[in-house]
Amino acid sequence: MRILAATLACGLLACPAVSGADEPPKRDLIYGAELMTHQEREQYRQRMRGARNAEEKTQAEDQHRKRVRERARKRGLELNAEGVAGKK
């Protein structure tokens with residue numbers, strides 16, 4: 001009986017659905033996220049999820065990047081290719 005219980009426990013631990021249950025869902029990095037409030041980041045995620053096609057998603061991303069670059073410029077910062085802000 002102990003061998004059966006140990007075998008079952010080992011099998012369950014190796015199962016990705018069980019072992020990954022404690023991990024938070026993976027999120028993509030948001031361009032310029034450190035320049036945004038939590039609410040703005042959530043609104044951005046909702047807008048991206050709500051995009052009906054790739055064209056709408058690209059358009060939303062372009063508008064977002066333009067707004068964030070302007071915000072960085074006003075604060076005397078520059079964004080690198082990944083959208084991380086640093087001093088000019």
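Author: A pocket is an open set of points on a 1 Å grid over the protein atoms alone, where a 1.4 Å probe fits, with protein on both sides within 12 Å along at least five of seven lines; its lining residues have an atom within 4 Å of a point. This is a predicted model, where local features need pLDDT of at least 70 and side-chain atom pairs 80 or more, while totals for chains, interfaces and linings use all residues. Numbering runs from 1 along each chain, and side-chain values use heavy atoms, without hydrogens or water.

Reader: What pLDDT does the protein average?

Author: pLDDT is the predictor's confidence in each residue, from 0 to 100. Here 69% of the residues score at least 70, and the average is 81.

Reader: Which helix gives the largest share of the second largest pocket's lining?

Author: That lining includes Glu40, Tyr44, His64 and Arg71. Two helices (DSSP runs of H or I, at least four residues, numbered from the N terminus) each give two or more residues: H3 (38-50) and H4 (54-74). The largest share, 5 residues, belongs to H4.

Reader: How many of those lining residues are charged?

Author: Asp, Glu, Lys and Arg count as charged. The lining holds 4 nonpolar and 2 polar residues, and its charged ones number 4.

Reader: Which ring does the charged end of arginine 65 sit over?

Author: Sitting over a ring takes CZ of Arg within 6 Å of the ring centre and within 35 degrees of the ring normal. For arginine 65 the distance to the centre is 4.0 Å, and the ring belongs to tyrosine 31.
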